[in-house]
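Okay, hi everyone, thanks for having me. I'd like to walk you through some side-chain contacts, so please take a look at what's on the screen.

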Amino acid sequence: MISGVTMKLNLEEELLRALREDITSEDVTTNAVMPEPRLGQAELICKETGILAGQEAFQRVFTLLDESAVVEWAFQDGDEIQKGERVALVQGDIRALLSGERVALNYLQRMCGIATYTRDLVKELDGFPTKLLDTRKTTPNMRWFEKYAVTVGGGKNHRYNLSDGILIKDNHIGAAGGVKQAIEMARAYAPFVRKIEVEVENLAMLDEALEAGADIIMLDNMDLETMKQAVERVKGRAETECSGNVTKERLKEIAAIGVDFVSCGALTHSAPILDLSLKNLKPIE
């Protein structure tokens, strides 16, 4: 699970990379209109209702440019913020506020959007034990931020990367020569503490995975009737995960079948940003 502490340990390198992308030598516009340091403040305004996520990333952008910059928050990650509300007041060198604005908002808007979309889907699972998972379908170099935003929205993290867990998919099965062979090879290679998850596309593959002792079985792109038969066959011998064509409209039907997990790539690859804006910049005398 990507926690706030985990993100803090990894965010600075990525933020610096983003700032270097946006400022290769100088912010020529800011340097033209503000040649000397001057204390100022600006308001972070919410322009549509959603879930706040990404406070650490937003404020660290400004403190990287001005160590004395301060962000005073009216809300915390996970809170619902309403259209028109002032979410935060940012104070610091006006040059840092101007130069950091776009990068800070890019992170915050993206993370808020993911948290908001995740919260919306999690609500569909109220009353069911099924947990909503993210995937590795993330924006390159944004995975820490995006997976953290999923947790803020109430979802759970699947494996972080290829080193984090064993997931035998269709091409691994093809390379190994079959479901049973792939599971046996993974069990022989991996440390005993690792669970083995395997993706199956039909009931025959499911039976082979169960016989080989898979710990988690991913039911990939199955229709509801086939998925129901699959869960009945598993009978608790493994955990089950539904993947593929997961939409908000299908979540309740999928959860009612009794799968343990539902993974949804759309949480990170299709969530729209939440519209926020840094406004009303003014000098502080």
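I'll talk about charged pairs to begin with, and then about aromatic rings.

One thing to keep in mind is that this is a predicted model.

So, charges. Side chains of opposite charge can pair when their charged atoms come close. How many salt bridges does a search of the whole structure find? It turns up 12, and I'll pick out a few.

Let's go to helix α1, which covers residues 4-22. Here Arg17 makes a salt bridge with Glu13, and their closest N and O atoms are 3.7 Å apart. The two sit 4 residues apart in that helix, so about one turn. Are they buried or exposed? Glu13 is exposed, at 54% relative accessible area, while Arg17 is partly exposed, at 37%.

Next, have a look at Glu43 and Arg86, whose side chains meet in a salt bridge at 3.1 Å, N to O. Arg86 is partly exposed, with a relative accessible area of 42%.

Now for Glu199 and Lys169, another salt bridge, at 2.8 Å from N to O. Again, distant parts of the chain are linked: Glu199 is in strand β8 (residues 196-200), and Lys169 is in the loop between β7 (166-168) and α6 (170-176), 30 residues apart. What about accessibility here? Glu199 counts as buried, because its relative accessibility is 4% and the cut-off for buried is under 20%. Lys169, on the other hand, is partly exposed at 28%.

Okay, on to the rings. The whole-structure search gives 4 aromatic pairs. One of them is Phe58 with Phe62, an edge-to-face pair with 5.2 Å between centres and 75° between the planes. Where are these two? They're both in helix α3 (residues 55-65), 4 residues apart, which means about one helical turn separates them. Phe58 is buried, with a relative accessible area of 0%, and Phe62 is buried at 0% too. Ring pairs also bring in Trp73, giving a cluster of Phe58, Phe62 and Trp73.

Last one: a charge and a ring. Arg143 lies over the face of Tyr160, 5.8 Å from the ring centre.

Technical notes: Residues are numbered from 1 along each chain as its sequence is written. This is a predicted model: local features need pLDDT of at least 70, side-chain atom pairs count only at pLDDT 80 or more; totals for chains, interfaces and linings use all residues. Side-chain values use heavy atoms; hydrogens and water are left out. A salt bridge is a side-chain nitrogen of Lys or Arg within 4 Å of a carboxyl oxygen of Asp or Glu. Buried means under 20% relative accessible area, exposed over 50%, partly exposed in between (1.4 Å probe, protein chains only). Rings of Phe, Tyr and Trp (its six-membered ring) pair if their centres lie within 6.5 Å; planes under 30 degrees apart count as stacked, over 60 as edge-to-face and the rest as tilted. A charge sits over a ring if NZ of Lys or CZ of Arg is within 6 Å of the ring centre and within 35 degrees of the ring normal.
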